[in-house]
Amino acid sequence: MSNLPQVYGKDFSVYVQVVRLTLAEKGIEHQLVEVNPFDSIDSRLWYFDIHPFGRMPAFIHNDVRLYESEAIARYIDEAYDGPILQPGNALARARMTQAISILQSYAYLSWVWGIYMHRIERPKKGLLPDKQKIASSLPDARAAMKALSEMMSHGEFLAGGDQLTLADLFCAPMMNCLDTTPEGIEMLGDHQNMARWWDRMRKRASVKRFVL
Ligand SMILES: N[C@@H](CCC(=O)N[C@@H](CS)C(=O)NCC(=O)O)C(=O)O
C-alpha cells in the first residue's frame with residue numbers, strides 16, 4: 001500500500017493546487033484522491049468524515065488528518081524536509097500571512113468567483129456572464145492586486161523579500177484564473193511588478209505541473 005501523502009479534491013480547485021504546489025516545492029510526491037464538492041451530496045457522504053464542511057482540500061498522511069489549505073500548507077512546510085517556505089524573521093512572516101489573508105479574504109472571491117467564473121467558466125457552459133457581478137467585484141479585485149503589488153515593491157516574491165513563500169503558492173493558482181480575463185490583463189498592465197512575478201512563477205516546475 002502506498003505511503004504517500006494524500007490530497008483530497010479535484011485538480012481544478014485553486015486551494016487543492018495550493019497544497020499540491022507546497023508539496024512539490026518541498027520535493028514530496030503525493031496521491032490525489034478525487035472527490036468533487038460540487039457533485040451531489042449523496043455521492044460523497046463518506047467525505048464528511050474527512051472534511052466536516054465537505055470542501056476541498058483535505059490532507060491525510062499516516063495518522064495525520066488536516067483540512068483548511070493554510071493549516072495544511074504550514075504543516076507540510078514545518079513537518080517535512082526540503083526548502084523552507086516561511087520566513088524566519090517575525091516581520092517577514094507576518095507579511096507572508098498578510099498576503100495569504102488578502103488572497104483568501106478578497107482575491108479569491110473577486111478574482112475567481114467574481115471575474116473568472118463569469119468571464120471564462122460560465123460562457124464555456126453556454127451561460128452569459130453576469131456583468132453586474134463582474135462590475136461589483138472590480139473594487140476588491142483591484143485593491144487586492146494593488147496591495148500585493150505594494151507589498152512586493154522591495155523584493156522578487158510576495159512577502160517582500162527574495163524568498164519564495166507560501167504567499168506565492170497561494171497567489172499563483174488565483175492569478176492563473178485572473179490572467180485569462182480582460183480585467184485581469186488590464187490589472188497586470190497597471191502593476192508591472194506583479195506581471196513580472198507571474199512570468200517568473202509560470203516558469204517554475206511546480207506551477208507548470210499543477211496549475212497551468
Ligand atoms: N478555507 C478553505 C476553502 C476551501 C474551498 O472553499 N474550496 C472550494 C474549492 S476551491 C470548495 O471546496 N468549494 C465547494 C463549495 O463551495 O461547496 C480552505 O482554505 O481550504
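In H1, 12 of the 13 residues are buried, so this helix is largely enclosed by the rest of the structure. Buried means under 20% relative accessible area, exposed over 50%, and partly exposed in between, with a 1.4 Å probe and protein chains only. Helices here are DSSP runs of H or I of at least four residues, strands are E runs of at least two, and both are numbered from the N terminus.

This is a predicted model, where local features need pLDDT of at least 70, side-chain atom pairs count only at pLDDT 80 or more, and totals for chains, interfaces and linings use all residues. Residues are numbered from 1 along each chain as its sequence is written, and side-chain values use heavy atoms, with hydrogens and water left out.

H1 covers residues 14–26. Its buried residues include Tyr15, Gln17, Arg20, Glu25 and Lys26.

Now the ends. At the N-terminal end, Ser13 is the cap, with a side-chain oxygen 3.2 Å from the backbone nitrogen of Tyr15. After H1 comes Gly27, with a positive phi near 80°. Phe12 sits in the loop between strand E1 (6–9) and H1, and is partly exposed at 46% relative accessible area.

Last, the largest nonpolar core, which has 50 residues. Such a core is a set of buried Ala, Val, Leu, Ile, Met, Phe, Trp, Tyr and Cys residues joined through side-chain atoms within 4.5 Å. H1 is among the helices that each supply at least two residues of this core, while H3 gives the most, with 12 residues.

Technical notes. The expected span of a helix is 1.5 Å times one less than its number of residues. A polar contact is a pair of N or O atoms within 3.5 Å; within protein, one must be able to donate a hydrogen and the other to accept it, and residues adjacent in sequence count only if both atoms are side-chain atoms.
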